[in-house]
Amino acid sequence: MKILVVGSGGREHTMVWKLAQSPRRPHLYCAPGNTGIESLATCMPIKADDIAGLKAFVMHEQIDLTLVGPEAPLALGIADEFRKAKLKIFGPTKNAARLEASKIFSKDIMAQAKIPTARARHFVKQADALAYVEQHELPVVIKADGLAQGKGVIIATTREQAREAIIDSMDKGVFGQAGKHVLVEQFLDGEELTIMAFTDGRTVAPMLPAQDHKRVGDGDTGLNTGGMGAYCPAPLGTSALREQVAREVLQPIVDTMSRLGSPFQGVLYAGIMVVKGVPYVLEFNARMGDPETQVVLPLLKTDLIDVVEAVVEHRLDHLAVEWHDDCAVCVVLTSGGYPGIYQNGFPIRGLNAKERGGTIVFHAGTARKNGEIVTAGGRVLGITGRGKTLAEAQGQAYHTVKSISFDGCHYRKDIAYRALNR
């Protein structure tokens with residue numbers, strides 16, 4: 001069996017790593033892949049958003065199944081193009097992926113599905129948005145409408161910050177076209193939770209609950225990032241809360257998208273804010289989270305290929321998705337200066353610690369230069385520890401973190417602190 005994974009980050013490394021464990025022993029490809037993936041799969045120099053190139057490769061190599069990691073190719077319609085050519089692909093259509101690609105669209109769908117979420121208004125004119133925030137209660141959340149690599153959300157605690165966020169997005173174009181329209185949203189004061197689910201457009205199979213750490217600094221301080229680490233399962237996601245989210249959030253969204261003629265097929269990611277025990281949806285993503293994937297997939301007991309095939313073939317209701325009774329903690333190592341300006345090309349030392357003592361090193365932003373593996377991104381590595389308890393998993397992760405280094409290396413020292421300090 002030939003399988004292609006599209007993407008080049010830590011999430012895709014995790015997907016390839018999990019697929020490689022299948023007893024079905026698939027022949028794996030990844031496009032474009034990275035230096036960590038190349039030991040598990042044949043990496044092809046095709047960009048993740050080169051849909052024509054990917055399609056031509058799949059047809060030429062007679063690939064049996066394609067899994068899409070990042071959001072950009074989904075938003076561009078890769079699933080539509082593949083399905084037109086009768087190629088099996090795991091991921092939602094372009095219109096279904098608008099749940100992530102447009103926060104305004106997502107809010108409209110949530111209203112139709114009667115899903116609890118923060119109050120919000122969207123703006124296409126900067127002057128209107130600026131006038132509105134002058135009267136809005138603080139803090140206030142400013143969101144770029146489109147895809148901004150997890151960085152298009154600003155929590156403004158002052159009116160000056162709110163005005164600056166709107167001008168940066170709509171006038172200065174710091175998020176490109178993604179920020180030309182903005183949402184001004186009510187701030188919800190609670191604790192965040194990620195619940196992802198496999199879905200074939202009808203049946204929903206929730207994954208274990210995880211919690212991401214978005215802020216760059218310890219204690220959730222500093223700028224928002226694409227994610228500094230995660231842990232799973234998050235104690236906040238009790239069985240009762242997970243059942244509530246499945247019943248009141250995930251299933252209604254899937255049903256609504258199907259009713260509108262755009263069935264959602266793939267992974268539906270719900271970013272939840274739990275306020276006094278009540279789950280509100282902050283956002284939907286149309287793919288697996290990063291770095292949540294690095295802690296959730298290692299705990300999946302069922303063969304990932306079996307799950308993906310059940311989704312693609314619309315028979316998820318016939319498969320029981322099972323999970324290991326373990327915990328996982330992922331610590332992300334970033335380049336100095338991230339999420340702002342940073343330098344690349346620094347040699348990474350200590351990578352021989354890979355998979356030592358129950359720890360896995362997932363590559364996110366790395367490259368090979370003059371025979372060495374060097375930094376090549378803001379988020380460089382994801383170190384995932386696994387154990388019977390969160391404390392054990394955290395210890396495993398940080399033990400390996402301390403043995404890996406590169407110039408400017410930064411990481412948070414408190415991943416999973418919320419759960420361990422309860």
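## Terms and model

Buried residues have under 20% relative accessible area and exposed ones over 50%, with partly exposed in between (1.4 Å probe, protein chains only). This is a predicted model, where local features need pLDDT of at least 70 and side-chain atom pairs count only at pLDDT 80 or more, while totals for chains, interfaces and linings use all residues. Residues are numbered from 1 along each chain as its sequence is written, and side-chain values use heavy atoms, leaving out hydrogens and water.

## Salt bridges across the chain

Here a salt bridge is a side-chain nitrogen of Lys or Arg within 4 Å of a carboxyl oxygen of Asp or Glu. The count by this rule is 26.

Let's look at E134 and R163, whose side chains form a salt bridge at 2.7 Å, N to O. E134 sits in the loop between α7 (126-133) and β7 (140-144), and R163 in helix α8 (residues 159-170), 29 residues apart. (Helices are DSSP runs of H or I, at least four residues, and strands are runs of E, at least two, numbered from the N terminus.) R163 is partly exposed at 31% relative accessibility, and E134 is partly exposed at 31%.

E61 and K2 also meet in a salt bridge, at 3.9 Å, N to O. Because E61 lies in helix α2 (residues 51-61) and K2 in strand β1 (residues 2-7), the pair ties together parts 59 residues apart in sequence.

## A network and a hairpin

Salt bridges link R11, E12, E71, E100 and R287 in a network.

Strands β16 (residues 266-275) and β17 (residues 278-285) pair in the antiparallel sense over 7 bridges; pairing requires at least two bridges found by DSSP. V274 stands opposite P279 in β17. With 2 residues between the strands of this hairpin, K276 takes a positive phi near 50 degrees.
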